[in-house]
Each structure stands twice: as C-alpha cells, then as structure tokens.
Amino acid sequence: VTAATNATTLDVNGTTTIATNTTFVANSANPLTIAGNFTNSGIFTAGTGTTTFDGASAQTLQGSMTGASAFGNVVMSGAGEKTFSNAASTTNFSILSGASVVAPSALTVIGNLSNDGTFTANGGLVTLTGTNQTISTVATTTFYSLTKRVTTTDTLTFTAGKEYEFAGTLTLSGTAGNLLLLRSSASGTYW
C-alpha cells in the first residue's frame, strides 16, 4: 500500500495495523497522522516524512519500528499517553506541550530530540547516532540511560538553563583527537 502523493495529510482517526507480509509506504512529502493504536507486523516505510501520533486517548505503538520500519520524523501531540511496546528508531523525535510518552526499552534518534511535554524513561536506553544533535526541553527531562559515541569530532547541544537527569547510565564518548563537544544552546549559559 502506498499513500497517495496528492493528499496533503493522511489522517487516521482509528487503529493503524500493518499486517504480516504487507508493506505500507508513507508519502515522504506529506504527513501521516494517527489518533489510534499503531501495530506493525509487516514493513512501514516512512521515508523522510513526519508521523504524528495525536490521540486524545491512550495510544500503544507496537511491532517493528526499527530497521526497514524505522520512522522518519515523529511528533507526539494530544492528551493521550503514547506508550511504546517495542524498540523504535526515528530521525527527529518531538514531544509537544500536553503530550506524554512512555519510552521503549531502546529508542534510537538520528536527529534531534525535543521534549516540551512529559517523557517517562521506563528503564529504557536512548541512543543518539546522528551528527550535531540537540536535546531540547522546557523543563527537567529524566532519562534512564543515554548514549552517544562518536569517532569524529561532533557536538551535542543541550537547552540553556534546563536540567537533564539520568537514573541509569550516561555514556558520552569520543576518541583520541575526535572529541564529543557538549554545548549549551546559549553561549555562556549553563545547561
């Protein structure tokens, strides 16, 4: 199944299920919005598009959400708590104000991570794999474990004046001559 290229938004107000032996190809040029549960037993090809989970009621995201089924950009909005039941990978990951997310056991983010809502770490590991990434927040964000390892010089930027807590393990590493630089979003202001 391929989302139409002429649609401005594919808005699913119920449950989205991708069955075994089925491939759903999202339209990279137009967003996909899901208000119900998301189950992927097949392949979800997100491309570079944005998938928004905007349910006013609780939503569960389960099944394959890594590898060939990794998300493009993900936006969490709406009052319903969004709970990951399986590991997930995404480019940019944004939690908007009023949204609440229960993290999976493993969340890989290639782009930026933005938390303007509630992020429940759930004992999981967040792995940052991109270059020049930013973790932004409007309040304290608590991770269980966070990892970013680099083999070429790179920068990880945190929101100025905000707190980040780690209940498990924080792993930040570079190599000799190739440092991971930690920066504030505002020069001269602590994060």
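**Briefing: parallel strands and packed rings**

Strand S12 (residues 93-95) and strand S15 (residues 113-115) run parallel and are joined by three bridges. Across this pair, Ile95 has Asn115 in S15 as its bridge partner. Please keep in mind as you read that the model is predicted. The points below go from the sheets to the core, then to the salt bridge and the aromatic rings.

**The nine-strand sheet**

- S12 and S15 belong to an open sheet of nine strands, paired in parallel and ordered S1-S4-S7-S9-S12-S15-S18-S21-S24.
- The edges of this sheet are strand S1 (10-12) and strand S24 (180-184); each has a single partner strand, so one side of each has no neighbour in the sheet.
- From one strand to the next, the twist averages 10°.
- Thr52 sits in strand S7, which covers residues 50-53.
- Is Thr52 buried or exposed? With a relative accessibility of 14%, Thr52 counts as buried, because the limit for buried is under 20%.
- Beyond residues up to four places away in sequence, Thr52 touches Leu32, Thr33, Ile34, Val75 and Ser77.

**The five-strand sheet**

- Another open sheet has five strands, again with parallel pairing, in the order S11-S14-S17-S20-S23.
- Here strand S11 (88-90) and strand S23 (170-173) are at the edges, and each has a single partner strand, so one side of each is left without a neighbour in the sheet.
- On average, neighbouring strands of this sheet are turned by 15° against each other, direction ignored.
- Strand S20 (residues 145-149) runs parallel to S23, and four bridges join them; Lys148 has Leu172 as its bridge partner in S23.
- Leu125 belongs to strand S17 (residues 125-128) and is partly exposed, at a relative accessible area of 32%.
- Which residue is 20 places from Leu125 in sequence but 4.7 Å away in space, C-alpha to C-alpha? That residue is Ser145.
- Setting aside residues up to four places away in sequence, Leu125 touches Ser105, Ala106, Leu107, Ser145, Leu146 and Thr147.

- S10 pairs in the parallel sense with strand S8 (residues 59-63) over three bridges, and Leu61 has Phe84 as its bridge partner in S10.
- S10 also pairs in the parallel sense with strand S13 (residues 100-102), over three bridges; there, Glu81 has Ser100 as its bridge partner.

**The nonpolar core**

- The largest nonpolar core holds 36 residues, and Phe38, Phe44, Met76, Phe93 and Ile135 have the most contacts inside it.
- Strand S4 (32-34), strand S9 (73-76), S12, strand S14 (106-109), S17 and strand S21 (154-158) are the elements that give this core two or more residues.
- Apart from neighbours within four places in sequence, Ile135 contacts Leu113, Leu128, Phe143, Leu146, Leu156, Thr157, Phe158, Thr159 and Tyr164.

**The salt bridge**

- How many salt bridges does a search of the whole structure find? The search finds one.
- Asp154 and Lys148 form a salt bridge, with 3.2 Å between the closest N and O atoms, and both residues are buried.

**Aromatic rings**

- Twelve aromatic pairs turn up in a search of the whole structure.
- Phe53 and Phe71 have ring centres 5.8 Å apart and planes at 90°, so this pair is edge-to-face.
- Phe53 lies in strand S7 and Phe71 in the loop between S8 and S9, so the pair ties together parts 18 residues apart in sequence.
- Phe53 and Phe71 are both buried.
- Tyr164 and Trp191 also make an edge-to-face pair, because their ring centres are 6.2 Å apart and their planes stand at 70°.
- Tyr164 is in strand S22 (residues 164-166) and Trp191 in the segment after S24, so this pair ties together parts that are 27 residues apart in sequence.
- Tyr164 is buried, at a relative accessible area of 11%, while Trp191 is partly exposed, at 39%.
- One aromatic cluster is formed by Phe24, Phe38, Phe44, Phe53 and Phe71.

Key:
Residues are numbered from 1 along each chain as its sequence is written. This is a predicted model: local features need pLDDT of at least 70, side-chain atom pairs count only at pLDDT 80 or more; totals for chains, interfaces and linings use all residues. Side-chain values use heavy atoms; hydrogens and water are left out. Buried means under 20% relative accessible area, exposed over 50%, partly exposed in between (1.4 Å probe, protein chains only). Contact means heavy atoms within 4.5 Å. Two strands pair if DSSP finds at least two bridges between them. Axes are lines fitted to C-alpha atoms, for helices over the stretch in contact, and angles run from 0 to 180 degrees between N-to-C directions. A nonpolar core is a set of buried Ala, Val, Leu, Ile, Met, Phe, Trp, Tyr and Cys residues joined through side-chain atoms within 4.5 Å. A salt bridge is a side-chain nitrogen of Lys or Arg within 4 Å of a carboxyl oxygen of Asp or Glu. Rings of Phe, Tyr and Trp (its six-membered ring) pair if their centres lie within 6.5 Å; planes under 30 degrees apart count as stacked, over 60 as edge-to-face and the rest as tilted.
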